[in-house]
Amino acid sequence: MIETIQAIIHRNDLCVLATAGESGPHTSLMAYSCSSDCSEIYLVTSRRTQKYRNICQAPQVSLMVDTRCENDRPNICALTISGSTTEMDDAAKVEGVRRQLLVRHPHLANLIDQPDVAWICVHVSAFQLLEGVTRSYHARMKEEG
């Protein structure tokens with residue numbers, strides 16, 4: 001099942017990010033890139049956004065990636081990704097993620113070049129894959145160590 005999950009993540013590049021803060025739940029449509037094994041999902045946002053404030057208060061997030069552009073309604077897959085966020089500070093890693101994002105999302109150049117952007121890494125802990133409306137699968141990321 002993990003191969004199916006990874007394939008969905010690699011084929012897509014947009015997700016819905018769900019955060020929670022003092023004002024309640026908040027969702028945002030986000031462009032993303034990921035590590036080769038999908039254990040990390042990378043996002044970029046302005047530090048002036050509600051999602052950034054929420055992440056600073058509560059780093060646990062949920063992402064949703066789906067296949068509605070690939071499949072007819074009875075065959076849509078919806079993938080929920082759970083994890084915790086950190087802000088990336090490694091310049092080489094940020095530059096690699098920057099290049100990945102710009103390849104698939106050149107329209108993000110104006111955002112990425114702003115001085116107040118935050119490079120967010122979602123460290124994936126679990127997946128829930130829903131195939132159609134009745135088949136549900138759960139998988140956890142293997143912990144290192």
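Me: In the protein, how far apart do the centres of the positive and negative side chains lie?
Reply: The model is a predicted one. The protein carries 14 positive and 17 negative side chains. Between the centres of these two sets, the separation is 4 Å.

Me: Which radius of gyration does the protein have, and what would a compact globule have?
Reply: The C-alpha trace spans about 45 × 35 × 35 Å along its principal axes. For 145 residues, a compact globule would have a radius of gyration near 15 Å, and the protein agrees with this, its own value being 15 Å.

Me: In what order do the elements of the protein run from the N terminus on?
Reply: The protein contains four helices and eight strands. Read from the N terminus, their order is α-β-β-β-β-α-β-β-α-α-β-β.

Me: Is Asp 116 buried or exposed?
Reply: Asp 116 sits in the loop between α4 (109-112) and β7 (117-131). A residue counts as buried under 20% relative accessible area. Because the relative accessibility of Asp 116 is 16%, this residue is classed as buried.

Me: The side chain of which residue is joined to that of Asp 116 by a polar contact of 3.1 Å?
Reply: Leaving aside residues up to four places away in sequence, Asp 116 touches Thr 45, Ser 46, Arg 47 and Arg 48. The polar contact of 3.1 Å links the side chain of Asp 116 to that of Arg 48.

Me: What percentage of the accessible surface of the protein belongs to carbon and sulfur atoms?
Reply: Buried residues account for 42% of the 145 residues. The accessible surface comes to about 8,200 Å². Of this surface, the share of carbon and sulfur atoms is 52%.

How values were computed. Residues numbered from 1 in each chain as written. Predicted model: local features only at pLDDT ≥ 70, side-chain atom pairs only at ≥ 80, totals over all residues. Heavy atoms only, no water. Helix = DSSP H or I, 4+ residues; strand = E, 2+ residues; numbered from the N terminus. Rg over C-alpha atoms; globule rule 2.2 N^0.38 Å. Buried < 20%, exposed > 50% of the residue type's maximum accessible area, 1.4 Å probe, protein only. Areas by Shrake-Rupley, 256 points an atom, 1.4 Å probe, with all protein chains shown as cover. Lys, Arg positive; Asp, Glu negative; His and termini not counted. Charge placed at Lys NZ, Arg CZ, Asp CG, Glu CD. Polar contact = N/O pair within 3.5 Å; in protein donor to acceptor, adjacent residues only side chain to side chain. Contact = heavy atoms within 4.5 Å.
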